[in-house]
Amino acid sequence: MIRKVFMLATAAIAAGLAAMALSGCNRASAAGGGFTMPPPVVTTAPVATADVPVYLEEIGRTTASEVVNIIPQVSGKIVGKYFEDGADLHTGEKLFDIDPRPYQAALDQAQAAMEQNQAQLANAKTNFARTASELPSKAVSQQDYDNAKDTMDVADAEVKAAQAAIETAKLNLEYCSIHSPIDGRAGERLVDVGNVVNANSTTLLSIQKLTPIYVDFTVAENELDRVRENLAKGPLKVLIQTPDNPNRDVDGEVTFLDNAVQDGTGTIRLRATVPNKGRELWPGQFVHVRLILYIMKDARLIPAEAVQVGQSGSYVFVIHADKTADQRSITTGQRQGDKIVVLSGLKAGETVVLTGQLMVIPQKAVMIIPTSAGPTTRGAAQ
């Protein structure tokens, strides 16, 4: 029953459309002419010019400019911690204390040994001076003289050894107080107060310097000549974008080009240094890298949406003074934000169809309506 009603309704609609078409034809015939399609409605955009960057796009990864693992230089029990995990640290800021008492005792012992050795040296010097004064009169033998001199030399050496022991003891005592060697951000502490740590083996904390920060990336070896050629003219600018904020560029500068192409990958490693004062970047992030090779002067730009692709390649519709459209093949370059560079096929000042291309017929007139808002050109004049 439902199918029958549907078929009746469809027939009624078809009959109505046929009647409307017949009525339209009759009116057109009465006017003495045929039916004419109105011109297609389009929006347009001019071919603009601007200085734009020529660039390479790569994927990179951020890394701290300095990483320091805090490892004690003396063994002992941790008796103090003076920072919070994740805190910003400054050079010289105290981090840990190791129990200093054993090292203070060692220093006191070394200083006592020093006093004893100094007394022995003084006595040896006095004895040598007396022996030396009696040698010419033959009151003492040459052997006595030599023995006195040797005793004095040994005492002098023992004083020097005691002085070295004092310096070592002082240094070990200083090592009981551990300070930050760099400005940076603390990670999670790895040892708590009360634990006993071993010299040169137990890692207490890792500190990473975030300002500046490095961005490491690679380029294909077939781009190496272009990179080197432009790098020889001066530092190359780098624009960094994070996945969570793709519309914001963070500026950096290439500061390192590796000395060899990597085996197996056919790429060469570069490093950019980013000031990162606002800490937009964090170590370990994957980022989008745009390496600016040079600036192309007076490049011709059109909105990317104006470009159509056919069997013969890219083309656009160009609007003439009489408001007719003509299809023209073009060669495109790199995208610059919402626009694209045109290497050939268009001249500055010409007008291209922006939207409505589907209904445009070459050599036929079009109806142009103004655009509500033109596309942006982010990145076109970096």
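**From a surface patch to the helices and sheets**

A: Val 41 lies in strand E1, residues 41–46. Strands (E, at least two residues) and helices (H or I, at least four) are DSSP runs numbered from the N terminus. The model is predicted, so local features need pLDDT of at least 70 and side-chain atom pairs pLDDT 80 or more, while totals for chains, interfaces and linings use all residues. Numbering starts from 1 along each chain as its sequence is written, and side-chain values use heavy atoms, without hydrogens or water.

Val 41 is partly exposed, because its relative accessible area is 43% (buried is under 20%, exposed over 50%, partly exposed in between; 1.4 Å probe, protein chains only). With Met 367 and Ile 369, Val 41 makes a nonpolar surface patch. Together the three have about 240 Å² of accessible area (Shrake-Rupley method, 1.4 Å probe). Patch residues have over 30% relative accessible area and no salt bridge; nonpolar side chains are joined within 5 Å, like charges within 9 Å. A salt bridge puts a Lys or Arg side-chain nitrogen within 4 Å of an Asp or Glu carboxyl oxygen.

Now the helices. H2 covers residues 101–134. H2 has 34 residues and spans 50 Å between its first and last C-alpha, close to the 50 Å expected (1.5 Å times one less than the residue count). Helix H3, residues 142–175, also has 34 residues and reaches 50 Å, again close to the expected 50 Å. Buried residues of H2 include Tyr 103, Leu 107, Met 114, Asn 117, Leu 121, Phe 128 and Thr 131. In H3, the buried set includes Ala 148, Met 152, Val 159, Ile 166 and Ala 169. The buried residues of H3 pack against H2, and H3 is among what covers the buried residues of H2 (contact is heavy atoms within 4.5 Å).

Next, the strands (paired if DSSP finds at least two bridges). An open sheet of four strands runs E6-E5-E3-E8, with antiparallel pairing. E6 (177–179) and E8 (196–197) are its edge strands, each pairing on one side only. E3 (residues 76–81) meets E8 antiparallel over two bridges. Lys 77 stands opposite Val 196 of E8.

Elsewhere, E10 (residues 237–242) and E11 (residues 245–257) pair antiparallel over five bridges. A hairpin of two residues joins E10 to E11. Leu 239 has Asp 251 in E11 as its bridge partner. E11 also runs antiparallel to E12 (residues 267–274), through four bridges. There, Leu 257 is partnered by Leu 270 of E12.
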